[in-house]
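Look at the sequence and the model first, then read on.

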Amino acid sequence: MQTIRLQLRFLLPLIAVVIATAYLVLPLVDGVTLRWFARDLDSRGAVVANALSDSVVEAIRANRPKQLEKLFERALQDERLFAIGLCSPDGQMLVRTPAFPTELNCFDALQISSRRDPRLMLNGGPVHVAMHDVIDQPHPVAVADAASDVASAPPAAGASAADNGVAVAAAAAASEATAQTAPVTVGRLVLLHDLSFIEKRSQDTRRYLVGLIAALGLVMALITMVVAQLSWRGWVLGVRALLRGEGIISPMTGSSSATSVELQPFAADLRERLRDLEDEYRRMQGPEADWSAERLQALLMTQLRGDQVIVVSNREPYIHEHGKDGRIVVKRPASGLVTAVEPVMRACSGTWIAHGSGDADREVVDANDRVAVPPGQDDYQLRRLWLTAEEEQGYYFGFANEGLWPLCHVAHVRPVFRESDWEAYKAVNQRFADAVVAEARSEDPIVLVQDYHFALLPAMVREKLPNATILTFWHIPWPNPESFGICPWRREILQGMLGSTILGFHTRFHCKNFIETVDRFLEARIEHEHSTISFREDETLVEAYPISIEWPADATIASWPSVPEARRIVRERLGLQPDTTLAVGIDRFDYTKGILERLNAVERLLEKHAEWIGRFVFVQVAAPTRSSLEEYKNFQERVERLTLRINERFGRPGYQPVHLLAQHHDSHAVNELLRAADMCIVTSLHDGMNLVSKEFVAARDDEQGVLILSRFAGAAREMTEALIVNPYHVEETADALHRAATMPAAEQRARMASLRATVREFNVFRWAGRMLTDAGRWRLKARVDARVARYRHAGDPDQRGL
Ligand code: G6P
């Protein structure tokens with residue numbers, strides 16, 4: 001493609017030059033040929049006139065116009081001579097052949113013949129007009145007879161042969177009067193040459209010239225193309241070869257020349273400098289522009305040179321399960337991690353390695369346990385890993401969800417650490433690390449490690465792929481060192497995480513907690529200014545990257561039901577009055593989400609503001625999660641009991657203040673609820689970010705609805721226009737509910753518009769883009785360090801080559 005473009009760059013100007021030449025040259029050549037032929041005709045005319053001269057003089061002397069006519073007719077046998085006329089010295093037309101135009105008199109003929117272009121247009125075509133004097137040389141007197149031919153009047157226009165006779169007699173008399181002593185001009189021959197043959201010749205010449213110029217142009221174009229092709233190919237091959245470190249490639253043979261070894265250092269330098277320049281250029285473009293899937297793709301292709309992206313998470317983005325009718329259905333899990341990472345993966349392609357947890361998962365994978373997803377779009381590969389029940393119990397339910405989850409959330413649930421769970425956690429981390437290594441197509445892939453299920457995996461991958469760029473994102477909070485210190489394997493966990501190139505948390509606060517934890521438990525060098533930790537050979541950047549959602553596309557928004565429609569559908573489905581004020585909470589059924597606290601607040605609202613009884617309804621969607629764990633079972637029971645109590649206390653026939661929907665809702669149903677609601681309640685006791693708050697805002701293109709948000713959710717730092725509450729403070733939360741329910745539409749609009757602008761800008765592509773940009777910068781730094789080390793090694797202390 002590039003070659004074709006290059007050739008066109010040569011060819012187009014060439015074609016333009018050829019056309020311009022043709023335009024300039026043709027009229028010139030035309031003019032020259034015409035003049036050429038005109039001159040030729042003039043000289044031919046002179047010859048004819050000379051040849052006729054004596055006979056004409058004789059005929060005039062003898063006063064024989066008939067003889068003149070015959071003479072002229074004979075002369076006309078020359079195919080190019082069209083007509084002949086004879087003018088008297090004083091400008092009278094004496095004789096003319098039949099084709100001679102009657103409208104052409106002697107004066108006009110004289111005028112035309114003396115022009116530069118003596119052409120006259122007749123009906124039959126153009127003629128060339130030339131005049132030649134007929135000279136009577138001194139000679140013995142000849143006596144004219146034929147007195148009958150004598151006449152005194154000049155011929156009028158359109159004169160016949162008889163008329164010619166009268167005029168010739170007059171000319172003869174004039175001749176007689178002056179004869180014998182000096183040459184006398186007795187008349188002027190007007191020769192009209194047919195020019196149509198010249199036109200034809202000129203056309204032939206033009207055609208020939210156009211052909212010639214086109215042929216020349218074509219030959220030149222071909223030569224240019226071949227030369228350009230050869231030199232371009234040569235350059236491309238050469239530069240490519242240099243960039244691959246193979247030396248110069250001959251454009252003719254395509255093979256590496258013998259000088260490649262000497263050129264290798266130069267090639268490596270060139271390659272690195274080109275990359276540095278490109279990175280610099282990308283950085284200059286700045287982070288200001290909006291982040292989108294396309295921008296993320298472009299970033300991957302440039303700064304990260306299209307390197308392979310591998311995601312590792314426990315939860316898979318698509319779960320295949322057997323439906324009630326036995327058919328396989330695809331489910332999207334309720335997981336903030338999946339909500340955020342899936343759109344990024346759709347943009348980046350690559351491979352996502354996750355636990356295959358669906359009961360039909362094995363039925364849809366190929367021989368390598370891979371399936372292309374999203375179904376029907378096949379944007380990336382999902383590589384499933386199968387866990388035994390024991391592995392799942394120890395690694396997932398045990399260490400991850402009974403140990404690390406409560407440890408990091410500090411939500412008043414005691415973490416449980418069992419040795420057997422730890423062993424399973426280590427083993428499963430190793431299995432996933434091996435899968436990453438197996439999936440890697442190069443020695444330096446980009447590995448995106450997700451969450452607390454894989455704290456050990458970064459160091460395990462680093463061991464096998466030292467040049468990999470490992471970005472670990474911790475989706476949950478990081479506690480203070482004292483809280484974390486209760487984990488028996490705190491050092492191992494920290495060491496495992498420090499195998500990452502970049503370690504991301506949602507907030508600076510969590511980064512600070514992590515750095516302090518490392519400071520407390522490991523011998524590591526911490527650069528607070530740069531937020532880096534150097535442990536053993538490796539350096540890790542610890543940075544805050546607030547996660548987000550994909551902002552809905554216009555087409556997606558267009559497919560949603562309108563807000564009034566959604567309000568109607570939801571209220572009808574739940575059996576609510578059309579004017580019911582509806583509050584919604586959408587969470588996994590998890591003790592960190594503050595569901596009990598929000599129920600307490602609803603109860604307090606109805607106590608404090610009895611006017612809401614019968615008019616205010618709270619719908620809690622609680623997707624079942626980790627239900628086999630005791631803590632979760634207990635929590636779910638407590639929520640159910642509290643719900644029952646509130647409903648008993650404030651419920652009326654036809655009115656139930658709390659609706660607890662403890663089922664998985666797909667994204668369509670969730671969106672419908674969020675659009676139908678007057679407010680969304682997010683009261684997490686501790687949450688890394690909480691994406692439901694962002695989904696609520698994205699769902700409200702009508703700019704109505706109020707967000708009540710816990711100050712302990714990471715989202716509270718960005719979404720300051722929400723009503724921020726302390727969920728432990730029942731009174732404050734109940735007041736927030738009342739305020740939301742009575743908030744004027746204008747205030748709702750102002751708050752919502754501002755929240756929407758924030759979430760649209762700080763979307764998930766920005767989250768991934770910022771991490772990947774930092775990774776690119778990190779890789780660049782590593783390359784420069786390596787280069788410096790190389791020059792040092794090569795004994796170039798001045799580092800002139802850098
Ligand atoms: C949180 C975690 C995720 C997890 C999700 C759902 O958002 O950070 O890693 O996927 O909860 O939990 P589950 O255990 O069902 O995957």
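## Basis

This is a predicted model, in which local features need pLDDT of at least 70, side-chain atom pairs count only at pLDDT 80 or more, and totals for chains, interfaces and linings use all residues. Numbering starts from 1 along each chain as its sequence is written, and side-chain values use heavy atoms, with hydrogens and water left out.

## Six-stranded sheet

Six strands form an open sheet in the order β20-β19-β18-β21-β22-β23, with parallel pairing. Strands (E, at least two residues) and helices (H or I, at least four residues) are DSSP runs, numbered from the N terminus. Two strands pair if DSSP finds at least two bridges between them. β20 (658–661) and β23 (723–725) stand at the edges, each with a single partner strand, so one side of each lacks a neighbour in the sheet. On average, neighbouring strands of this sheet are turned by 20 degrees against each other, direction ignored.

β18 (residues 581–588) and β19 (residues 616–623) run parallel, joined by eight bridges. Asp-587 stands opposite Ala-622 in β19. Helix α21 (residues 692–699) lies across β18, β21 (679–682) and β22 (706–710). α21 runs at about 170 degrees to β22. Contact here means heavy atoms within 4.5 Å. Axes are lines fitted to C-alpha atoms, for helices over the stretch in contact, and angles run from 0 to 180 degrees between N-to-C directions.

## Buried strand β12

Five of the five residues of β12 (residues 446–450) are buried, so the strand is largely enclosed by the rest of the structure. Buried means under 20% relative accessible area (1.4 Å probe, protein chains only). In a regular strand, side chains alternate between the two faces of the sheet. Both faces of β12 are covered: Ile-446, Leu-448 and Gln-450 lie on one side, Val-447 and Val-449 on the other.

β12 has parallel links to two strands. Four bridges join it to β6 (residues 309–312), and Ile-310 stands opposite Val-447. Five bridges join β12 to β13 (residues 469–473), where Ile-446 stands opposite Thr-469.

## Second largest pocket

α24 (764–793) gives the most to the lining of the second largest pocket, with seven residues. α6 (260–285) and β17 (538–544) also give two or more residues each. By class, the lining has six nonpolar, five polar and 14 charged residues. Nonpolar covers Ala, Val, Leu, Ile, Met, Phe, Trp, Tyr, Cys and Pro; charged covers Asp, Glu, Lys and Arg; the others, Gly among them, count as polar.

Conventions. Buried < 20%, exposed > 50% of the residue type's maximum accessible area, 1.4 Å probe, protein only.
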